[in-house]
Amino acid sequence: MILRRVATAIRSQDWFTVVIEFVIVVAGVLFALQVGNWNEVRADRERAQAYRERMVSDLKNDIVELEKRKLFWSAAAGEGRIALAYAEQGRVPEDVAWGVLRALLHASQVWRFIFNQATYLEMQSAGDLRLIGDTQLRSNLAYYYVTVAERRGDGMYQSLPRYRETVRSLVPSLISQYYWQACHEQPPGEQHLKPCPSPMDEAEAEAVLEAVIGHPGLIAELRFWVDTLEVLDRLVIDDIPMS
């Protein structure tokens with residue numbers, strides 16, 4: 001329609017009409033481009049808000065889970081210290097042999113932690129990290145999700161000690177079965193070490209304990225694992241505020 005009017009105006013040398021029609025066409029194109037830009041900005045803003053809500057949720061979940069791990073790792077390290085006190089200094093807990101044997105098993109527990117990187121990695125792969133306008137925030141997130149997550153997530157926070165396999169291979173199966181039923185609890189999203197009573201008399205507990213604790217290398221492995229747990233406890237203190 002417009003092209004027909006322009007052609008007619010040119011043939012009749014109606015230059016005023018030609019100019020007007022040209023201005024209308026250019027204005028229409030510019031308006032369409034501006035509307036497209038507005039729509040793109042709005043879509044980016046909405047996508048950025050959705051990302052923000054998901055990332056805040058991810059970080060809050062990391063904080064909650066790290067705080068759980070901190071308490072658990074500290075408890076497991078404490079149990080390991082009980083066993084080491086017996087092995088190195090001859091000190092015994094109130095329930096004597098069973099208390100040390102239970103501490104040895106408690107100290108073998110692990111609760112690994114995996115950073116929730118789903119939203120960050122999605123933004124990275126989609127090229128949407130640009131939607132985070134604050135450059136300092138973008139830098140902090142990169143440090144947390146790349147530097148810290150790779151160093152901790154693939155290493156310290158995924159630790160699985162040799163001690164765990166050693167001590168569990170030494171404890172008689174009936175005692176292990178009792179331990180899992182009465183001394184350890186793992187509901188969804190939780191893990192607890194329980195102060196369960198002895199399933200045997202003191203003489204039997206002493207015999208099992210001496211056989212386990214006398215195994216070559218066991219105490220060295222336990223010592224290393226307890227030190228690792230205490231390092232993990234300190235790392236969490238550093239990482240939680242970062243979240």
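The model is predicted: local features need pLDDT of at least 70, side-chain atom pairs count only at pLDDT 80 or more, and totals for chains, interfaces and linings use all residues. Residues are numbered from 1 along each chain as its sequence is written, and side-chain values use heavy atoms, with hydrogens and water left out.

**View 1. Overall fold of the chain.** The secondary structure comprises 9 helices and 2 strands. Helices (H or I, at least four residues) and strands (E, at least two) are DSSP runs, numbered from the N terminus. Along the sequence, these elements follow the pattern α-α-α-α-α-α-α-β-β-α-α. Of the 243 residues in the chain, 37% are buried. Buried means under 20% relative accessible area, exposed over 50%, and partly exposed in between (1.4 Å probe, protein chains only).

View 2. Ile132 counts as buried, at 12% relative accessibility. The C-alpha atoms of Ile132 and Ala48 are separated by 7.2 Å, although the two residues are 84 residues apart along the chain.

**View 3. The largest nonpolar core.** A nonpolar core is a set of buried Ala, Val, Leu, Ile, Met, Phe, Trp, Tyr and Cys residues joined through side-chain atoms within 4.5 Å. The largest such core has 58 residues, of which Trp73, Trp98, Leu101, Leu104 and Tyr157 touch the most other members. Two or more residues each come from helix 2 (15–89), helix 3 (96–106), helix 4 (118–126), helix 5 (135–153), helix 6 (162–170), helix 7 (173–182), helix 8 and helix 9 (218–242). Helix 2 gives the most to this core, namely 11 residues.

View 4. Side chains of opposite charge can pair when their charged atoms come close. A salt bridge is a side-chain nitrogen of Lys or Arg within 4 Å of a carboxyl oxygen of Asp or Glu, and the count by this rule is 11. In one of them, Glu122 pairs with Arg54, with the closest N and O atoms 2.7 Å apart. Because Glu122 lies in helix 4 and Arg54 in helix 2, the pair ties together parts that are 68 residues apart in sequence. Glu122 is partly exposed, with a relative accessible area of 34%, and Arg54 is likewise partly exposed at 34%. Asp233 forms a salt bridge with Lys70, the closest N and O atoms lying 3.2 Å apart. This pair links distant parts of the chain, with Asp233 in helix 9 and Lys70 in helix 2, 163 residues apart. Asp233 is buried, at 17% relative accessible area, whereas Lys70 is partly exposed at 25%.

**View 5. Further salt bridges.** Arg130 and Asp128 meet through their side chains in a salt bridge (3.8 Å, N to O). Arg130 counts as partly exposed at 49% relative accessibility, while Asp128 counts as buried at 7%. Elsewhere, a network of salt bridges links Glu65, Lys68, Arg69 and Glu190.

**View 6. A patch of negative charge.** On the surface, Asp201, Glu202, Glu204, Glu206 and Glu210 gather in a patch of negative charge. Patches are made of residues with over 30% relative accessible area and no salt bridge, like charges being joined within 9 Å and nonpolar side chains (Val, Leu, Ile, Met, Phe, Trp, Tyr) within 5 Å. Asp201 is located in the loop between strand 2 (192–193) and helix 8 (202–213).

Key. Areas by Shrake-Rupley, 256 points an atom, 1.4 Å probe, with all protein chains shown as cover. Lys, Arg positive; Asp, Glu negative; His and termini not counted. Charge placed at Lys NZ, Arg CZ, Asp CG, Glu CD.
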